[in-house]
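Please view the sequence and structure first.

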Amino acid sequence: MKVWRLNPSDTQLEGTQIFSDVCEALTDGKLVAIPTETVYGLAADATNGKACAGIYKAKGRPSFNPLIAHVDGLEAAQTHAFFDERALKLAEAFWPGPLTLVLPKRLTSPVSDLAVAGLETIALRVPRSEVMRALCKSTGRPLAAPSANLSGRISGTTAQDVIDDLGEHLSYLIDSGATPVGVESTIVSLIGERPTLLRPGGLAREEIEAVLGEPLVRGGTNDSAPISPGMLTSHYAPNAHIRLNATDVAAGEALITFGTSLPEGADRAARLVSLSDSEDLSEAAARLFTALREADLGKNGKIAVMPVPHYGLGEAINDRLARAAAPRD
Ligand code: TXA
Ligand code: MG
């Protein structure tokens, strides 16, 4: 694996040797870890079934769980899916950004069946990440990219997280530091009559509803018949056991804090990890996965998490925390 360290000041990507090397790796069907504004993605050419198989294999991901196709803009997105008026409104308001749209797939889209797990729908996203968009544009390929972590584990928000989980499978890793949003994109399905929130994420529900002029129906979490197949209940799991909405701390527990008024027994905590001292939900989202890793003291460890408000990005934070705390094998 080769590492490309990308500084925010590197604005000229196209034309550099490393950029063309990465393009070549992608068009050759190799796996590349690419930062987006939400989390790192494990990317491959979405039109290449074999390359997509490599993603599932590297992640240990159940093959029924489809991948998001990343594209460089609305025009490219429209070659893969049908956009109704609602889809156009959302794309114009929020792309590039942390929003994924699930739409009816065009039969003419070259995205492989494996990337969409055989569905007649496709999840599309135009990320804010310059490097991801430039790579889509220069390769002329949509890039399939799930979060760069082993299936069921916490999403990678730093290059080191990605190396720990997937290093051996990568041909390149593009390291641009910690991802600014820190939780995955919000997923909205426009397949049915009512727009449906399949996964709360880095774009707050309230902002989407304001543009649509109607509320989002909540969908997605149903283990026996998943609407969004990736929405299995136990997910984002650290090794330690997690206790939510903690208003006290037992000796030996690690405590994930929100704000500075700490619960009873906080002085007994084995470790204190702050999501946001100033109760800023964007900061808390950006720190969430790193905080879970830092508080994870292993299989016999316990993590108590202070309550996080449920509005704005709090919805995505509480969703990830609930999944991290869900019973598992
Ligand atoms: O922020 C993000 O969205 C990151 C970055 C890398 O873009 N990607 C990401 O991908 O979180 P992943 O694969 O970890 O999660 C994508 C979710 C999965 O739960 C999958 O089931 C759902 O999107 N999904 C993909 N295609 C779908 C479809 N056609 N219909 C419903 N759900 C779909
Ligand atoms: Mg994921």
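The model is predicted.

**Overall form**
- The protein contains 9 helices and 15 strands.
- Its C-alpha trace spans about 60 × 45 × 40 Å along the principal axes.
- The radius of gyration is 19 Å, which agrees with the value near 20 Å that a compact globule of 329 residues would have.

**Burial, contacts and charge**
- Of the 329 residues, 56% are buried.
- Among contacts with a separation of 6 or more, 65% are between residues 24 or more positions apart.
- There are 31 positive and 40 negative side chains, and the centres of these two sets lie 5 Å apart.

**Nonpolar cores**
- The largest nonpolar core has 45 residues, and F83, L101 and L124 have the most contacts inside it.
- Elements that each supply at least two residues of this core include the helices α2 (49-59), α4 (85-94), α6 (159-166) and α7 (205-212), along with the strands β3 (40-45), β5 (99-104) and β6 (121-125).
- The largest share of this core comes from α2, with 5 residues.
- Beyond its neighbours within four places in sequence, L101 is in contact with F83, A87, L90, A91, W95, I122, A123, L124, V188 and L190.
- A second, separate core has 28 residues, including A204, L275, A285 and V305.

Conventions
Residues are numbered from 1 along each chain as its sequence is written. Chains are lettered from A and ligands numbered from 1 in the order in which they are written. This is a predicted model: local features need pLDDT of at least 70, side-chain atom pairs count only at pLDDT 80 or more; totals for chains, interfaces and linings use all residues. Side-chain values use heavy atoms; hydrogens and water are left out. Helices (H or I, at least four residues) and strands (E, at least two) are DSSP runs, numbered from the N terminus. The radius of gyration is taken over C-alpha atoms; the globule rule is 2.2 Å times the number of residues to the power 0.38. Buried means under 20% relative accessible area, exposed over 50%, partly exposed in between (1.4 Å probe, protein chains only). Contact means heavy atoms within 4.5 Å. Lys and Arg count as positive and Asp and Glu as negative; His and the chain ends are not counted. The place of a charge is taken as NZ of Lys, CZ of Arg, CG of Asp or CD of Glu. A nonpolar core is a set of buried Ala, Val, Leu, Ile, Met, Phe, Trp, Tyr and Cys residues joined through side-chain atoms within 4.5 Å.
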